[in-house]
Amino acid sequence: MTIDLHADAHYRMNDQTTGGGHDDSDPDHDHDHDHVADSTPGHDRATEASATLEHGSEPAVRMENVTFGYGDQPAVENVSLTIERGEFLGLVGPNGSGKTTLLLLMLGVLSPDEGRVELFGDPVDEFADGERIGYVSQKSTDAGSTMPVTVREVVTMGRFAHAGHRRLSDRDHEAVDEALETVGIRDLESRRINELSGGQTQRAYIARALASEADLLAMDEPTVGVDARSREQFYGLLGDLNDRGITIILIEHDLGVVTDRADRIACINRTLYHHGSASSFAESDALEAAYGPNSEIVHHDH
Amino acid sequence: MKYDTRLRLERLGVFAVGVLAVVMLAFLAARGLAEYSSAADLVATRLVDGGCALGSVAGTRLLCFNFVWYSVATGVLVGIVGPLIGSYVVHREMALIGETLAHTAFAGVAFGIFFGSATNWGVSVLLAALVTGIIGAFGVQYLSSRTAAHGDVPIAIVLTGSFAIGTIVISLGRGFGGVSIDAYLFGQMAAVTQSGAQLMGVVSVVVIALVALNYKQFLFITFDEQAARVARLNVSAYNTLLILLTAVVVVGAMQILGIILVTAMLVVPVAAASAVADSFREAQYLSIIVGEVSVLVGVTAAFLYGLAPGGSIVVVAIAIYLVAVAVADRDSAVAAGA
């Protein structure tokens, strides 16, 4: 099984060779799990100068020995992983493997039973800069299906963490305009969100994250129910945003797409089976270990 | 009609409703201060005289009576704050919770009657209803956070349980009080007292101020609670505030609508508005307009024909809802055909 990694515009092969943020001796970085030896040379590719300039150099997310269960049912066990700024991480695993739980733990929506989570260097429960995280939940697409809300109103929600209780300023409205422009749905701004197609809806949610000027974008299976062409455009957009220095964490059920697009892959099935570069994931036996035998990565032509 | 034009018209409508509400609040405040200030007394008297003169031109002497003003003022305010809170309650799928709060408030009404031996919507009954309504709000909040997503079985148990306690207390009281509970169950025009109307005035000012202050936060948690959590909004605090405001509005609105029908004022105008509106703001404007029209038409009919005001208000609101749904269907059919 081999994977052809496309060196396309969104796949940043060039600016990844000289990583200043961390190196192979970084103890937190994907060596401390036992299922798969992460043997990728040069896995320190994911550094992003523009992101580190502004807010120091702590990783976007750091998880140490995180365990979480719903009642007696463990959902995530002893996971340690670090996501550097500017990284594009694909989070994969079979159905019910705890991907969403892991993401919610990273974002501080859930609190771990054991272990420690940091967001941009702060313990997650003390992290207060809500505007720095853009989140698109699995349910975002059907949330508020009967609720009358326009695209513009949804995108404006991205400014609410900035505004607090004050009135929205001109700056807020400009940020919304820019975000709508960037994802190319300015002409749809006064449409009801639930009248949009799946692809347009996803763009609206991305715009919400952009309006909030988030530097971490976390998405839970955003392309479910989106047609192939819109999905292609969507990944193009994600690539562009990643190039601008935005850290991306993406849960995706389609392994082909995610291994093509993401820099790094974390594969979990309750425990972490693999965390390393996309190519090392394809070469490893993590896929089989996590998903069971007869699994393979299906690539899409594009 | 173009969205901008429509929004401008709706703003005009809301403004008119606002003017009406300010007049009513001024009347209630002036009546409250009349004891201490002759100027306030004069203001109240002038307002009634003015209403009386206007009403006489339209062929009714109803507005010449103070008690009518209390009912109308309460109705006008209910027509605003009901849909205002309702637009969050409905889209959070908390309609059943509103109903439950009305029924827990009924237990309070029953206790208020039992211990206060009141015969109308006296302030003691309303305060008792407010207390049990708020206790109910916390109880429901606790239950829905403990059980799987809006689990409706525990809520149904609280709803029927508190109503059961209310009926027991009422039947005990009836043994020696002979109180009629019809006014409480179905609402009664002439039963709105001065203090009851004034309580509604205070409630309305507080609710409108808090919704205005927290508009963004309420909208965010209503639309996408998980994302609001990630954006570090204190979701559970806003949820608690919202449910408390719901309890307060429900208790104030019970005077006109009665316990059984009070939820309709939170739900029906919002449903009508949501069928035709594009934006949340537009829906909120429209629902207030629908609520106000329903109240004014319903209250007038109730006075003229001696009907239960709650019933006539709700029937008018539902009629508007049906029209709105028909209009929305036609619009989408036109859009699909185009």
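Strand E10 of chain A (residues 271–277) is largely enclosed by the rest of the structure, because 6 of its 7 residues are buried. Buried here means under 20% relative accessible area, with over 50% called exposed and anything in between partly exposed (1.4 Å probe, protein chains only). Helices (H or I, at least four residues) and strands (E, at least two) are DSSP runs, numbered from the N terminus. The model is a predicted one: local features need pLDDT of at least 70, side-chain atom pairs count only at pLDDT 80 or more, and totals for chains, interfaces and linings use all residues. Side-chain values use heavy atoms, with hydrogens and water left out.

E10(A) runs antiparallel to strand E9 of chain A (residues 264–269), and 6 bridges join the two; strands pair if DSSP finds at least two bridges between them.

Rings of Phe, Tyr and Trp (its six-membered ring) pair if their centres lie within 6.5 Å; planes under 30 degrees apart are stacked, over 60 edge-to-face, and the rest tilted. A:Phe68 and A:Tyr70 are edge-to-face, since their centres are 5.0 Å apart and their planes at 85 degrees. A:Phe68 is buried at 8% relative accessible area, while A:Tyr70 is partly exposed at 45%. In chain B, B:Phe27 and B:Tyr70 form a tilted pair, 5.6 Å centre to centre with 45 degrees between the planes, and both are buried.

Definitions and conventions: Residues numbered from 1 in each chain as written. Chains lettered and ligands numbered in written order.
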